Amino acid sequence: MRIALILLISLLTAAGALPLLPQPLSAQQDTRPAIRARLQFARAGGVYDPARWRYTSDWFVYPNLFNWLVRWKPGPDPKELEADLAEKWTVSPDGLVYTFQLRRGVQFHKGLGELTAEDVVFSYQRQISDPQLTFYKALQNIKSVEAVDRYTVRITLKERDAPFMWTVVSYRPGLIVSKKAVEQLAGAFAKGPVGTGPFELVELTAAGEVVVRAHDGYFRGKPAVRQITFVHVGDENTAAAALRRGDLQIIQTRGNPEVVRLLRQDPNIKTARVIERYNLFQVQFGPDFKPAQDVRVRRALAHAIDRRAIAAALPDLDEMAMVMRPPELFGGSSDVPTYPYDPSRARQLLREAGYPSGFPITFMIQKREPETTVAEILAAQWQAVGLQVKLDVLDATTAFDRRDQGKFDITISATSRPGDPHLFFWDVFHSDAVPPYGSNFFHYKDSDVDALIDAGRITINETHRAQIYRALQRKLMTDLPIIPLFYRHLEMAWRSPVQSLTPGAFNMFWGETIKIGR
């Protein structure tokens, strides 16, 4: 892949698209350290075009390569937005027109020059106009995107959109790319992206590693490390051992209590817990799995789950969930139907649904923790109420692909979405969010749910919005298209030469916050 990147750059340079590139300092000249990091890397997806993003495995690299107009303030539980490429912005009194003033002098990687309003317009416009791109449906409330002048961008909406800044401008659809690079590289851009972030991509290795190099023209200043190599280590014990030996300098872990305990006790290692109540681990149903079409079956499966066993297997890690969005978060509520552990009620519901002798379930899971442990617990609990459960343990790539295609009976996985409730509810339950546009793997379709999600988006008054989301969660917890299990937390751990860093939520990794010291 390194050769391919070099060839692409050579072709662009020969065609006059790229100026002569500034030569980075050699490792001998640049005294900043190079580090190796292992994050939540289920597989090496290798797609680094924001408009074509698909897999969580790639997401932690994106904030290091690109910027937004406005971004979440880096931190483990971001609640604030801050200026990024836009140094300021205004919203019209009717809430339909957003005007962003860009910073001047922001430079793209690879010597591609200054970012202008034309790049911002291009980044949004190509997603709005191409149904094949990932966020096409999520951006359909945008009526127009215009360059008012070289440093001013105006976005006009079709109707009011209360979470617009959180879910569009500052999240996955809102990353800004180089127009020149996309037009020149076309499909190859995803393997050789050009952004304005603190690091630029150097190499995707055959082993699945992602190598990024400091972008010393970054507008917030030079990164403290000259290079980061993101490595894939599937086993948490192996990753922790590599960190303790010094073969890795940063890891992210969440599925193994013993690993977390050992890291916290090691005097050479610093740790930070990232609490993610936005990150819901859940049971998901396949759209063609006939028994799950009956809500009584879904409720029976929920009543058969004893979360105390899961909590005992994941001590001091995750937090059990009886609802989809907890009351600690805006739009959350506990005043909704819940399904506490009651195996007798589970058996009764199965009889009422016409399954007195149960039915077979092929339970698809990824081969990693905590999925394997949780699945074994759930399988035993469902078998105890009369179901015949067979575990189907797959590698991450196969499991993700089959889930996107709807080819499974039941599976478990997590959905992490940012602060505002709209993106989670839209992405998981709206009828427009069936893959490839969203994460509605059950292909759930309910006109009342769609109407409530849409009303939550266009309602500006926060009190009224909170009421809408409480009503929405009551409806969803009654229908139960997914079963909430727990909110995922994670542990960041690092060692010398990394002195400190700012942990990020939602699989965000802020390489620019790394500080070096001994």
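These legends describe close-up views of a predicted model. Residues are numbered from 1 along each chain as its sequence is written, and side-chain values use heavy atoms, with hydrogens and water left out. In this predicted model, local features need pLDDT of at least 70 and side-chain atom pairs count only at pLDDT 80 or more, while totals for chains, interfaces and linings use all residues.

View 1. Strands (E, at least two residues) and helices (H or I, at least four) are DSSP runs, numbered from the N terminus. Two strands pair if DSSP finds at least two bridges between them. Strand 6 pairs with strand 7 (residues 152–157) over 6 bridges, in the antiparallel sense. D149 has T152 of strand 7 as its bridge partner.

View 2. Of the 13 residues, 10 are buried, so helix 4 is largely enclosed by the rest of the structure. Buried means under 20% relative accessible area, exposed over 50%, and partly exposed in between (1.4 Å probe, protein chains only). Among the buried residues are V120, V121, F122 and I128. The buried residues pack against strand 5, strand 6, strand 7, helix 5 (164–169) and helix 6 (179–185). Contact means heavy atoms within 4.5 Å.

**View 3. E118 in helix 4.** E118 is partly exposed, with a relative accessible area of 46%. Its side chain makes a polar contact with the side chain of K179 (3.5 Å). A polar contact is a pair of N or O atoms within 3.5 Å; within protein, one must be able to donate a hydrogen and the other to accept it, and residues adjacent in sequence count only if both atoms are side-chain atoms.

**View 4. Strand 14 (residues 360–366) is largely enclosed by the rest of the structure.** Of its 7 residues, 5 are buried. Strand 14 runs parallel to strand 15 (residues 388–394), joined by 7 bridges. F363 has L391 of strand 15 as its bridge partner. Strand 14 also runs parallel to strand 16 (residues 410–416), joined by 2 bridges. There, M364 stands opposite T411.

**View 5. E371 in helix 12.** E371 counts as buried, at 1% relative accessibility. Beyond neighbours within four places in sequence, E371 is in contact with F281, I365, Q366, I412 and R488.

**View 6. Backbone geometry in loops.** Most residues other than glycine have a negative phi, and most peptide bonds are trans. The P435 to P436 bond is cis, with omega near 20°. P436 lies between helix 14 (421–429) and helix 15 (447–458). K110 has a positive phi, near 60°. K110 is buried, with a relative accessible area of 13%.
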